[in-house]
Amino acid sequence: MKNLFRILVSLLPWPIRKFFLIHLYGFEIHPSASIGWAWVFPKKLRMGPGSRIDHGTVIKGVDEVVLEENASIGRLNWITGEPLNSKSFSYNMNRRPKLVLKRESAITNRHLIDCTDTIKIREYSIVAGFRSQLLTHSIDLHKSVQDCRPIEIGAYCFVGTGVIVLGGSRLPDYCVLGAGSLLNHFQEETYSLYAGVPAKPIKKLDPHLEFFHRNKGYVS
């Protein structure tokens with residue numbers, strides 16, 4: 001019955017749907033924010049000015065989703081998590097099933113985002129292209145338990161198409177993750193191109209690149 005009601009809410013015109021999402025679900029949605037024809041039902045949702053979630057995106061099983069000013073999630077993304085009371089991850093009681101997009105950051109289209117633990121995408125960064133996977137959980141083979149670790153994408157980063165980013169990884173500020181790469185470690189070198197399987201810093205980037213100094217998230 002709960003899912004049937006959510007289907008009905010999801011089909012309403014946006015002004016009416018926004019009213020239900022705010023007053024029935026307690027979501028915080030700025031008047032200039034918008035959600036397309038999408039299934040967006042985390043426990044908590046906060047959308048800042050100009051933020052948006054596009055058609056066909058699914059967000060479920062996540063405790064909290066935050067989109068700051070002008071942050072965006074594109075079409076047909078699959079964003080899931082495991083609630084804190086899940087028995088599968090009782091080994092890790094410190095995790096937070098949360099997705100945070102800081103101001104002017106973006107996830108484009110058709111990506112798989114696993115928020116069993118926190119994923120943070122910092123200011124002016126773009127998860128670009130298609131078919132990338134950000135996976136916070138896996139099996140700890142030493143302990144034979146389900147475990148998870150957070151992921152962070154730094155500020156002013158470009159994440160290329162078709163990449164895999166695993167739990168415990170960090171892409172530093174002002175970096176590029178090359179298409180098809182596997183990021184599986186906490187990295188620290190800024191202004192670098194990371195590429196390969198696993199991804200390593202293979203080239204320094206010019207700090208004066210216009211991409212690192214723009215004041216809008218999307219590149220037109």
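How many bridges join strand β5 (residues 52-53) to strand β8 (residues 72-73), and do the two run parallel or antiparallel?

Modeller: 2 bridges join β5 to β8, and the strands run parallel. This is a predicted model, so local features need pLDDT of at least 70 and side-chain atom pairs count only at pLDDT 80 or more, while totals for chains, interfaces and linings use all residues. Residues are numbered from 1 along each chain as its sequence is written, and side-chain values use heavy atoms, with hydrogens and water left out.

Some terms come first. Strands (E, at least two residues) and helices (H or I, at least four) are DSSP runs, numbered from the N terminus. Two strands pair if DSSP finds at least two bridges between them.

Contact means heavy atoms within 4.5 Å. Leaving aside neighbours within four places in sequence, the contacts of I73 include R52, I53, D54, L67, L99 and L101.

I73 belongs to the largest nonpolar core, which has 41 residues. Such a core is a set of buried Ala, Val, Leu, Ile, Met, Phe, Trp, Tyr and Cys residues joined through side-chain atoms within 4.5 Å. Buried means under 20% relative accessible area, exposed over 50%, and partly exposed in between (1.4 Å probe, protein chains only). I35, I73, L171 and L177 have the most contacts inside this core. The elements that give two or more residues to the core are α2 (14-23), β4 (44-47), β7 (64-67), β10 (98-101), β13 (119-121) and β18 (151-153). A second, separate core has 5 residues, among them Y124, Y156, L205 and F212. In soluble globular proteins, nonpolar side chains tend to be buried together.

β5 and β8 sit in an open sheet of 9 strands with mixed pairing, in the order β2-β5-β8-β11-β14-β19-β22-β24-β25. β2 (34-35) and β25 stand at the edges; each has a single partner strand, so one side of each is left without a neighbour in the sheet.

Follow that order to the β25 end. Strand β22 (residues 176-177) pairs with β24 in the parallel sense over 2 bridges. There, V176 stands opposite L193 in β24. Next, 4 bridges join β24 to strand β25 (residues 200-204), and this pair runs antiparallel. A195 has K200 in β25 as its bridge partner. The hairpin of β24 and β25 has 4 residues between the strands, and G196 takes a positive phi near 105° there. Strand β24 (residues 192-195) has S192 and Y194 on its covered face, with L193 and A195 on the uncovered one.

D173 lies in the loop between β21 (170-171) and β22. D173 is buried, with a relative accessible area of 17%. A polar atom of its side chain lies 2.8 Å from the backbone nitrogen of A155. Apart from neighbours within four places in sequence, D173 is in contact with R122, G154, A155, C157, T190 and Y191.

R46 has V66 in β7 as its bridge partner.

Last, H111. H111 is found in the loop between β11 (106-107) and β12 (112-114). At 2% relative accessibility, H111 counts as buried. A polar atom of its side chain lies 3.1 Å from the backbone nitrogen of S132. A polar atom of the H111 side chain also lies 3.4 Å from the backbone oxygen of A128. Not counting residues up to four places away in sequence, H111 touches L76, N77, W78, V127, A128, G129, F130, R131 and S132.

Notes
Polar contact = N/O pair within 3.5 Å; in protein donor to acceptor, adjacent residues only side chain to side chain.
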